[in-house]
Amino acid sequence: MTAVNIRIGDGERPIELGPERRAILRRLANVLIPAGEDLPSAVEVGIDAALLDQVLTVRPDLAEPLGHALDDLAETPANEIAARIDSEAELAVVGLVVAGGYLMSQTVADALRYPWQGAKLVRPDDVFEAIEAGLLDAVMERGPIYRLPPDAPQDAVEAFNEAAQA
Amino acid sequence: MTEHIDALIVGAGPAGAVTARELHDAGISVVCLEQGDWPDYSLARSGYPDFELGARRHWNWDPNQRRGAGDYAIDDGESDVTALMYSGVGGSTVLYSGHWERFLPSDFRTRTLDEVGDDWPMSYWNLAPFYDEIESAFVVSGLDGNTAFPEAAPLELPPVPLNRVGRLGAEGLAAKGWHWWPGMNAIATRSVGEMHACGQRTACPFGCPTGAKGSADRTHWRALVRDGVDLRIRSTVEQVVVDAHGRASGVVYVDADGTRHRLSADVVILAANAIGTPRILLNSADGAGIANSTDLVGRRLMMHPFGNAIGIFDEDLESWRGPMGQYLHSLEFYETDRERGFVRGAKWNLLPSGAPLSMMLPGTWGTEPVWGEDFTRLLRERFGRSMIWGVICEDLPDADNRVVLDDRSPQTDGIPGVRIEYRTSPNTLAMMDWHLARVEELLQGMGAKKIIKNPNLRGTGWHLMGTAVMGEDASSSVVDPWGEAHDVENLFVFDGSSFPTSSGVNPTATIAAVALRNARHLVERRAAIRRSA
């Protein structure tokens, strides 16, 4: 649930993510997400092409920090890329774009058998099946577990004692 | 020309919504000023490939990152925890996960029972009727009879399902003989009124696309506006105006066009959360501050240090699906046992792990490197096969944990941003370690093949409380037990700022219940209000 935040652009400096920068992204993505476990690589699903366009359609605010980060990482040796992205706040955007774009790929979703967050109506019956299976028996047999303050009203004390003895 | 109305509410979150409903229904004219906008649910994209990337922008919990309408700068460089909130209609219920928890009886008596914190000027039983009443309004679902609480009014909606994750968690707790109970959530489990049945899209904290989560914009404000309540969005209150008799007489606010207005009212009710409310109080009187003879405004900030333990299993749990509301909770170790090395306790709740991006970015799921060949391996290992046990620790009030105006920050509509200073106490740190060790023990018993413990996560300050404390004694509190400022007649604080202690559970239920109690009391004594000259 914890969000990883990155520095985002103010949109005041438009930046071009043309072929040169896409080539850098391609090199980085090959290092960050290679193919494995019957899943394609980030480059195979087009992280430097159509997927990047989709990412920037959803998150145009990422274009500027991404462009600067790509410039910064252009000459970084392959074995140092991951460490820099993880440790330098200005470069975290590369990880977000590569992983975020990769996980927007239908090819990847299909390989994961992931139907996005498709709706499925709630079926509360399964709670009652768990109760019927006895999973709450011990809890209910133990009775109340809250503490009564000394100024609890008399009827609350009586209700507590009654529940404890039931 | 200065407008005049009966009651002016600042903030359209849950406290403001509950208050507006109560006052309006009593025939009191109400204006609510909300500095943000209505949530734009066209940006709630769960169910689409761009869900997670978009959510990190539009539904980001951190206003410094989201930068939406009404957001102001919060410098958290001197805080162990980042303050999270939503500025807009519905307030932070727009982003909460809907976990609905009453405070426990002991939470109102920490001084009496454990010699720490302060007792509340009300008991659980004083508040219980208001909890009972408010729960249907927020479409709360759950199972009656929880043994961790006194008996309560029956809930109208059945609990969210357990699914595979919850069933496994319930079996694990039952095997240990530890308390658990199906989750209580402000999530509609069947369509009721204008609310729809939950679609289990794990989107609760990222803009519910279904209209199932009980956020105040949906449960209250749509109907309130239809009923004629004057809700003014993008209206930022600069300061509360105090007349020559020392009574609150209205506010000065700035609208979306940057035009400054003065709005006169018989009473002013602040419900802008425990960061926003002290911000307004401290900025009033042209920055000299009001209601602060005790120097307690902004102090005693409590934020609930939060940690989690993630369990990864071999089996497919379909854990990308489900409500992000809690499947179940455990209060087995909630009450004080001094032999553990700390006082007070924590609540555990079980969640599905959700969509994949959240588990594949560095720093969110432990310290294991994610890039290179590890990426696809970890994705296969985690996705659909993991669960998250959240641990909410009670933090006790400390005057040094505080909110102050930050004159160095960029001003929003003429008001400075804030700086928060917050350090996690040794008691809370010990509590977190102990509880995560128990959760680890639980997960081991459940057969988890890998356990990731994340203590004291930084970006988790959803629960903001304590910065305008209530009490009977005007020398040691900011507002009285009904929310009225000791120093400024007709000025009220109805949000979580007034809480003397924080409990170890989610606070929205109590924020709403306290607001209802206060609002009803205000209606009852309206004839006694001495209007500003």
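Buried means under 20% relative accessible area, exposed means over 50%, and partly exposed lies in between. The exercises below use this cut-off on a predicted model.

**Exercise 1. Decide whether Asn163(B) is buried, exposed or partly exposed.**

Step 1. Locate the residue. Asn163(B) sits in helix 6 of chain B.

Step 2. Apply the cut-off. Asn163(B) has 21% relative accessibility, so it counts as partly exposed.

Step 3. Check the backbone. The phi of Asn163(B) is near 55°, which is positive although the residue is not glycine. Most residues other than glycine have a negative phi.

**Exercise 2. State how confident the predictor is in chain B and in the complex.**

Step 1. Start with the chain. The average pLDDT of chain B is 96, and 99% of the residues score at least 70.

Step 2. Turn to the complex. Its ipTM is 0.94 and its pTM is 0.96.

**Exercise 3. Describe the interface between chain B and chain A.**

Step 1. Count the residues. Chain B brings 83 residues into contact with 68 residues of chain A.

Step 2. Give the area. About 6700 Å² is buried between the two chains, and carbon and sulfur atoms give 68% of this.

Step 3. Leu53(B), Trp371(B) and Arg380(B) supply 12% of the area that chain B buries against chain A, more than any other three residues.

Step 4. Count the polar links. There are four salt bridges between chain B and chain A. The interface also shows 22 residue pairs in polar contact.

Step 5. List the elements. On chain B, those giving two or more residues to the side that touches chain A are helix 2 (51–58), helix 4 (110–114), helix 6 (163–176), strand 4 (181–182) and helix 9 (373–382).

Step 6. Sort by class. This side of chain B has 43 nonpolar, 22 polar and 18 charged residues.

**Exercise 4. Which partners does Asp114(B) contact, leaving aside its neighbours within four places in sequence?**

Step 1. List the partners. They are Arg147(A), Arg109(B), Thr336(B), Arg338(B) and Arg344(B).

Step 2. Look across the interface. The side chains of Arg147(A) and Asp114(B) form a salt bridge, at 2.8 Å from N to O.

Step 3. Look within chain B. The side chain of Asp114(B) makes a polar contact with that of Arg344(B), at 2.8 Å.

**Exercise 5. Which residues of helix 7 of chain B are buried, and what covers them?**

Step 1. Helix 7 spans residues 216–226. Its buried residues are Ala216(B), Asp217(B), Arg218(B), Thr219(B), His220(B), Trp221(B) and Leu224(B).

Step 2. Their cover includes helix 1 (14–25), strand 2 (30–33), helix 5 (124–137) and strand 5 (230–232) of chain B.

Step 3. Look past the end. Gly228(B) follows helix 7, with a positive phi near 105°.

**Exercise 6. Trace how Asn427(B) meets Val343(B).**

Step 1. Asn427(B) lies in helix 10 (residues 426–446) of chain B.

Step 2. Val343(B) is 84 residues away along the chain, but the two C-alpha atoms are separated by 7.0 Å.

Step 3. The side chain of Asn427(B) reaches the backbone nitrogen of Val343(B) at 2.9 Å.

Methods
Residues are numbered from 1 along each chain as its sequence is written. Chains are lettered from A and ligands numbered from 1 in the order in which they are written. This is a predicted model: local features need pLDDT of at least 70, side-chain atom pairs count only at pLDDT 80 or more; totals for chains, interfaces and linings use all residues. Side-chain values use heavy atoms; hydrogens and water are left out. pLDDT is the predictor's confidence in each residue, from 0 to 100. Contact means heavy atoms within 4.5 Å. Buried area is the accessible area (1.4 Å probe) that two parts lose on being put together, summed over both. A polar contact is a pair of N or O atoms within 3.5 Å; within protein, one must be able to donate a hydrogen and the other to accept it, and residues adjacent in sequence count only if both atoms are side-chain atoms. Helices (H or I, at least four residues) and strands (E, at least two) are DSSP runs, numbered from the N terminus. Ala, Val, Leu, Ile, Met, Phe, Trp, Tyr, Cys and Pro count as nonpolar, Asp, Glu, Lys and Arg as charged, and the others, Gly among them, as polar. Buried means under 20% relative accessible area, exposed over 50%, partly exposed in between (1.4 Å probe, protein chains only).
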